[in-house]
Amino acid sequence: MSDLALLVPELILVGMALVLILVARRIRTARVAVVGTVLAALAAAVASGWLLSRGTETGFGGMITLDGYSQFFKILIASSLALVALVSVRSIDREQIPRAEYHVLLLLASTGMMLSVSALDLLTLYLGLELMTLCSYILVGITVQRPTSNEAAIKYFLIASFASALLLYGISLTYGTTGGTAFVDIASALSEHGLGSNPLLVVAMGLMVAGLAFKIAAVPFHSWAPDAYQGAISPVAAFLATGSKAAGLAVLGRVSLVAFGSEAQVLSVLLAGLAALSIIVGSILALAQTDMKRLLAYSSIAHVGYALLGLIAGTPEGASTTMIYAFFYVFMTLGAFCVVIALGERGENLDGYRGLAAQRPLIGALMLLFLLSLTGIPPTAGFVAKFGVILSAMRAGHIALAVLAVAFSVVSAFIYMRVAVFMYMEEPREAAPSHLPLAVSAALAVAALVTLIGGILPGSLVGWAVSP
Amino acid sequence: MSAYPVLSVTTFLPLAGAVLILLMGRERLARWVALATTVATLAVSAPLYWHFDKSSSALQFVESAEWIPAWNIAYGMGVDGISLPFIFLAAVLSVLCVGASWTAIQTRTRGFYAALLVAETAMIGLFSAANLFLFFIFWELIIVPLFLLIGIWGSSGRVYAAVKFLLFTLAGSVLMLVGMIALHHTCGTLDFKALALARQSLQPEQQAWLFAAFLAAFAVKVPMFPVHTWLPDAHTEAPTAGSVILAGILLKMGAYGFLRVSLPILPDAVRLFLKPMLVISAVAIVYGAYVTLVQKDVKRLIAFSSVSHMGFVTLGIFTLTRSGVEGAILQMINHGIVTAALFLCVGMIYERTHTREIKDYGGVGKIAPVYSTLLALFCLAAAGFPGLNSFVGEFLIIGGAFETRGWLGAMAVWGVALGTTYLLWLYYRVVMGKTNPGLVGLELELNSREVATLAPLALLALCLGLYPELVLSYLRAPVAALLAGVAP
């Protein structure tokens with residue numbers, strides 16, 4: 001089997017991107033592009049699932065792998081792409097965004113994510129992440145007429161390119177000290193000499209973790225996220241909060257387990273610090289937000305902290321709880337963003353949620369479901385996710401961190417339930433929102449189903465999430 | 001033994017009813033569906049009482065299925081003599097809640113009855129859970145419908161009360177989550193039976209920390225002094241059905257947690273914490289009673305009386321004597337019946353007068369004799385009048401307290417005396433004396449629906465008062481086994 005077969009999901013996305021570019025001038029409604037993107041995403045997900053049955057393989061001279069871990073995240077990324085494409089319908093028409101180009105960027109960003117999660121080499125990893133980030137810059141600034149969007153794009157570009165530089169510097173230092181960029185080479189060099197043999201290695205590892213922490217917006221590398229989310233149109237914010245975070249977590253997981261697996265103790269200190277800070281800062285700053293997208297941005301920062309808890313242990317079991325967390329996080333966050341998008345202008349402000357449940361009971365109930373899941377209250381997926389990562393932190397002996405994590409879930413309950421109070425216990429001030437486009441309803445339904453079923457019957461997903 | 005999963009059916013039937021109500025477009029049908037569902041739930045739970053083997057202390061009607069095999073977590077249901085009476089109580093109170101809300105709830109009725117039914121699922125599920133994971137899920141599940149019930153259909157201060165309720169209970173239960181995960185990490189299982197067997201692998205120090213973590217959750221729910229402050233607000237602001245569920249079942253969940261988790265799994269820690277627990281309970285009894293005395297709001301008064309009454313329950317449990325524990329469980333059932341009835345009584349008259357201030361009442365007896373008679377019955381029952389249900393429970397608890405420490409028994413007796421004072425004084429101010437001018441011309445007498453709502457509780461109060469064996473016979477075997485496990 002040729003090496004190209006390992007990249008079938010990526011090739012599908014790139015193929016669709018090329019087709020969209022070619023026919024760009026003929027696309028008159030957003031719907032066509034949406035259908036194309038969603039079909040490509042579904043095909044990529046199916047291809048990932050099909051490849052999964054072939055077992056573990058490596059290709060391209062050991063730079064790309066096909067294993068349960070990469071396919072898990074590819075399916076997750078494809079789902080995130082499909083849902084984001086669905087909810088973009090209205091924004092594209094309202095903001096007069098170039099239809100084909102927008103979707104091409106989404107497709108290419110997803111390709112980059114998929115490439116990075118299957119990378120077994122620091123270079124392919126970097127290429128994948130940069131493809132993702134490059135497309136994201138443009139996506140954030142795609143509403144050219146809006147000054148806030150431009151500002152957000154520039155901020156995001158400046159900070160993220162700094163992060164990329166850090167990552168690249170870390171990679172080059174690693175190459176200089178270990179003589180290789182492949183994960184196996186790094187791991188064997190480390191197990192031979194140990195981290196202490198060369199202080200540059202410690203610096204290299206720290207720089208790489210910092211660079212990746214930027215990508216997933218973990219504290220103290222988070223400052224770009226709220227501005228970028230707020231300035232970007234909501235579907236793009238949703239895409240940044242879900243797909244790119246999942247990819248970043250996947251990459252961080254593989255690097256920490258495979259490349260630096262023998263140095264788990266040093267790494268766990270760094271990761272524990274990132275996790276604790278993200279949970280504390282994300283939760284506390286979310287308390288003060290009145291803009292929904294900023295609120296969700298800070299909430300996503302806190303959630304990254306929770307997801308990192310699984311990686312602290314440095315064990316495959318721990319990493320698999322992070323996989324589960326990432327999976328459910330993507331769907332519940334996308335669900336919350338779907339509601340924000342469904343409500344249009346009204347959804348972007350906390351005040352807009354007043355009386356929503358009385359006007360539109362179904363949307364209110366779904367938002368409540370996503371909020372409960374984000375809080376981590378059973379029987380929603382968020383609870384299963386939280387249970388897993390805290391179990392993993394406990395296994396790693398970080399009891400204080402586990403207590404901190406649950407204590408801040410009470411703080412987060414206050415954040416999310418404030419929205420619920422507005423929806424259910426206040427009188428409406430604005431007219432009822434108009435009916436939803438079919439695409440948005442479909443995305444909402446998918447997100448809600450995963451959030452609910454994932455909470456009630458998580459068994460098969462938990463069994464499926466196997467880390468390298 | 002019936003072959004079909006009677007516990008799961010009883011637990012999830014209300015949930016199915018809730019879904020049905022939400023799917024139906026008609027607001028006016030909601031209460032009928034809710035009534036049918038709650039009655040059906042009571043009916044399908046009947047085999048539990050017929051086929052129950054009272055001589056066994058093991059879990060019965062056990063169901064188990066694979067759930068999350070990768071984490072060694074299974075779906076497990078089962079009841080013993082301790083949990084069975086609570087399932088009955090929850091099923092009965094749910095029917096009565098629908099009856100009490102029949103005309104009181106006029107807005108967004110579908111949501112109201114759906115929330116009520118979800119709460120019923122959580123209540124029954126909690127008492128049927130055979131493992132800690134499922135227990136925790138139902139424990140948390142009940143928070144959501146009650147948060148909505150208080151916050152949407154409550155009275156003027158509802159939002160504050162709802163948020164306070166949510167944050168207090170959540171703060172307690174997240175520590176239980178940590179405790180549960182620590183237990184899972186140490187013992188590798190969450191099944192109650194397996195945990196009780198695996199407890200040897202827990203160091204005494206670990207047990208103490210775990211006990212503290214679970215205590216945080218249970219103490220908030222009971223509620224024990226000094227974390228009771230959410231209760232008066234929640235009870236007062238909640239709609240009648242919400243108060244009934246809170247007082248009738250929710251408060252018992254905490255004490256049930258002690259019996260299901262702390263005593264069997266963490267016995268060393270229980271003995272270690274015995275003294276502080278007894279002291280806190282005694283303080284709750286006396287302090288709660290004094291605070292109750294000065295209340296001016298009827299609902300707040302009954303709410304605070306719960307603090308005192310639940311102090312009896314925790315006192316009984318931590319005497320670790322047979323009569324104390326049996327009395328505590330019986331008292332939980334009694335308190336569930338009587339306090340629920342008192343809240344129903346208050347709710348019914350509030351619907352007509354729209355005031356809860358005691359000073360706005362007076363002389364109700366002349367206008368509403370049937371109401372006053374029932375209220376007298378429930379007030380006397382709550383005060384521990386011989387021949388009515390609470391007497392037996394309190395008597396057993398006080399017996400257990402005297403067995404342990406003389407001064408504990410003295411405190412408990414003091415609490416009973418104060419209880420009689422505030423209840424009879426309440427009755428005096430509301431029912432006797434001159435008719436308050438504000439009440440003249442109001443139709444205060446109960447209609448037949450309301451009498452039918454109160455009658456089952458009156459009947460239960462009488463039956464349990466005259467023949468407590470109805471409940472005690474279920475308790476004997478499991479309580480003996482429980483205490484044998486705690487003994488050093």
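Mentor: Helices (H or I, at least four residues) and strands (E, at least two) are DSSP runs, numbered from the N terminus. By that numbering, Leu320(B) sits in the loop between helix 15 (298-319) and helix 16 of chain B. The structure is a predicted model, in which local features need pLDDT of at least 70 and side-chain atom pairs count only at pLDDT 80 or more, whereas totals for chains, interfaces and linings use all residues. Residues are numbered from 1 along each chain as its sequence is written, and chains are lettered from A and ligands numbered from 1 in the order in which they are written.

Trainee: What is the mean pLDDT of chain B?

Mentor: With pLDDT being the predictor's confidence in each residue, from 0 to 100, the mean for chain B is 89, and 99% of its residues reach 70 or more. For the complex, the predictor gives an ipTM of 0.92 and a pTM of 0.94.

Trainee: Is Leu320(B) buried or exposed, and what is its phi?

Mentor: A residue is buried if 20 or more other C-beta atoms lie within 10 Å of its own, exposed if 12 or fewer, and partly exposed in between, with C-beta atoms placed from the backbone. Leu320(B) is buried, because 21 other C-beta atoms lie within 10 Å, and its phi is positive, about 55°, although it is not a glycine. Arg108(B), in the loop between helix 4 and helix 5 (109-128) of chain B, likewise has a positive phi, near 45°, but Arg108(B) is partly exposed, with 19 other C-beta atoms within 10 Å.

Trainee: Which peptide bond in chain B is cis?

Mentor: The bond from Val222(B) to Pro223(B) is cis, with omega near -15°, and Pro223(B) is in the loop between helix 10 (204-221) and helix 11 (230-237) of chain B. In chain A, a cis peptide bond joins Val219(A) and Pro220(A), where omega is about 5°; Pro220(A) lies in the loop between helix 8 (199-215) and helix 9 (224-231) of chain A.

Trainee: Where does helix 22 of chain B bend?

Mentor: The bend at a residue is the angle between axes fitted to the seven residues ending there and the seven starting there. Helix 22 of chain B bends by about 40° at Arg476(B), and Pro478(B), a proline, follows within four residues. The expected span of a helix is 1.5 Å times one less than its number of residues, so the 18 residues of helix 22 (residues 469-486) of chain B should span 26 Å, which agrees with end C-alpha atoms 24 Å apart. The buried residues of helix 22 of chain B include Leu472(B), Leu475(B) and Pro478(B).

Trainee: What does Ala480(B) touch?

Mentor: Two residues are in contact if their C-beta atoms, placed from the backbone, lie within 7 Å. Not counting residues up to four places away in sequence, Ala480(B) touches Ser57(B) and Arg322(B). Ala480(B), which lies in helix 22 of chain B, is partly exposed, with 14 other C-beta atoms within 10 Å.

Trainee: How many residues does the contact take from chain B and from chain A?

Mentor: The contact takes 31 residues from chain B and 27 residues from chain A. On the side of chain B that touches chain A, the largest share, 16 residues, comes from helix 8 of chain B. That side of chain B has 23 nonpolar, 4 polar and 4 charged residues, where Ala, Val, Leu, Ile, Met, Phe, Trp, Tyr, Cys and Pro count as nonpolar, Asp, Glu, Lys and Arg as charged, and the others, Gly among them, as polar.
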